[in-house]
Amino acid sequence: MKLNTRFTELVGIDYPIVQGGMMWVGRAVLASAVSNAGGLGILTALTQPTPDALREEIEHCRSMTDRPFGVNLTILPSMNPPPYAEYRKAIIDSGVKIVETAGHNPQEHVAHFKEHGVTVIHKCTAVRHALSAERMGVDAISIDGFECAGHPGEDDIPGLVLIPAAADKVKIPMIASGGFGDGRGLVAALSLGADGINMGTRFCATVEAPIHDRVKRMLVDNDERGTNVIFRSLRNTARVGKNSVSDQVVQILKRPDAKFEDVAHLVRGAQGRVLLESGDLDAGLVWAGQVQGLIHDVPTVAELIDRIVREATDLVRRRLPRLWSDSPR
């Protein structure tokens, strides 16, 4: 059985379920598992320390699956930016045909990927940004609601409004991100006008996710209140898991004169990697969304995707039709 949408047809997958590109987490072992289960797995380019290391990870993923998978390339302003063009070249040279772009002004990258026949999914947090990306020539949009982990933008629009608002205007296929973790969410996203869902936090709580079991257990134990919104005063809003480090960041940035330098030692990406790999839940930031309230176990990726598809199918075929049935219940 397949669930066919414009997005599944675009990228050649069975189910409209995408594993978001996550720093330190988007590795071959997880991406290949998602693709093998009928979804779209995504490697995270900048998780790899060099473009050559990315080439090796792509080949590793290819050795583990013969299904479509993609690579995320996130472009962010930086004093010492990584060699984006070299990572882009590594993706193209490796024959990857699906790329998820995110971040600041991807025009150069989108144009180059398109020249080489790569399908580009651009991740954004506002309808106006989605329309800009559509004009830029991307093939699909991933739209992030305020519930998401990571950077939800500065507008604070939750998915229940953002998804249909985008669907009203965006003409290309669109997947919905932020707060999705089960079949109910998939049906809701499709009902709101999306062509599929993107999940990050939920895929972190799977057997194949390359992070420590204590982190997975934290995601299970937390509820929907288990996040902090940080960097708001710096106009770089981010949602992260609630722990002692993110609590400190919140308190420091409450000061009227607070600057990024005041919290830089707490939020280094390398410390987040230590947390994920060591299981020391106070080592740094952990990126997690409000969907923690819907995470109750740590299944394999295949079990999770199968469950989501079964739940969604049951809702559409059984529960929802009964709401309009004239027959006795």
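Me: With which residue does Asp306 form a salt bridge, and how far apart are the closest N and O atoms?

Reply: In general, a salt bridge is a side-chain nitrogen of Lys or Arg within 4 Å of a carboxyl oxygen of Asp or Glu. In this structure, Asp306 forms one with Arg310, and the closest N and O atoms are 2.8 Å apart. Please note that this is a predicted model, in which local features need pLDDT of at least 70 and side-chain atom pairs count only at pLDDT 80 or more, while totals for chains, interfaces and linings use all residues. Residues are numbered from 1 along each chain as its sequence is written, and side-chain values use heavy atoms, with hydrogens and water left out.

Me: Where do Asp306 and Arg310 lie?

Reply: Helices (H or I, at least four residues) and strands (E, at least two) are DSSP runs, numbered from the N terminus. Asp306 and Arg310 are both in helix 14 (residues 301–322), 4 residues apart, so about one helical turn separates them.

Me: Is Asp139 buried or exposed?

Reply: Buried means under 20% relative accessible area, exposed means over 50%, and partly exposed lies in between (1.4 Å probe, protein chains only). Asp139 is buried, at 18%. Lys114, at 32%, is partly exposed. Asp139 and Lys114 form a salt bridge with the closest N and O atoms 2.7 Å apart. Asp139 is in the loop between helix 6 (127–136) and strand 6 (140–144), whereas Lys114 is in helix 5 (residues 107–115), so the pair ties together parts 25 residues apart in sequence.

Me: How many salt bridges does the structure hold?

Reply: The structure holds 25 salt bridges. A network of salt bridges links Asp52, Arg55, Lys89 and Asp93.

Me: What is the strand order of the open sheet?

Reply: Two strands pair if DSSP finds at least two bridges between them. The open sheet has 8 strands in the order 1-8-7-6-5-4-3-2, with parallel pairing. Its edge strands, strand 1 (17–19) and strand 2 (41–44), each pair on one side only. Strand 7 (residues 174–177) and strand 8 (residues 197–199) pair over 2 bridges in the parallel sense.

Me: Which helix packs on the sheet, touching strand 3 and strand 4?

Reply: Contact means heavy atoms within 4.5 Å. For directions, axes are lines fitted to C-alpha atoms, for helices over the stretch in contact, and angles run from 0 to 180 degrees between N-to-C directions. Helix 4 (residues 84–93) touches strand 3 (69–75) and strand 4 (98–103), and its direction makes about 170° with that of strand 3.
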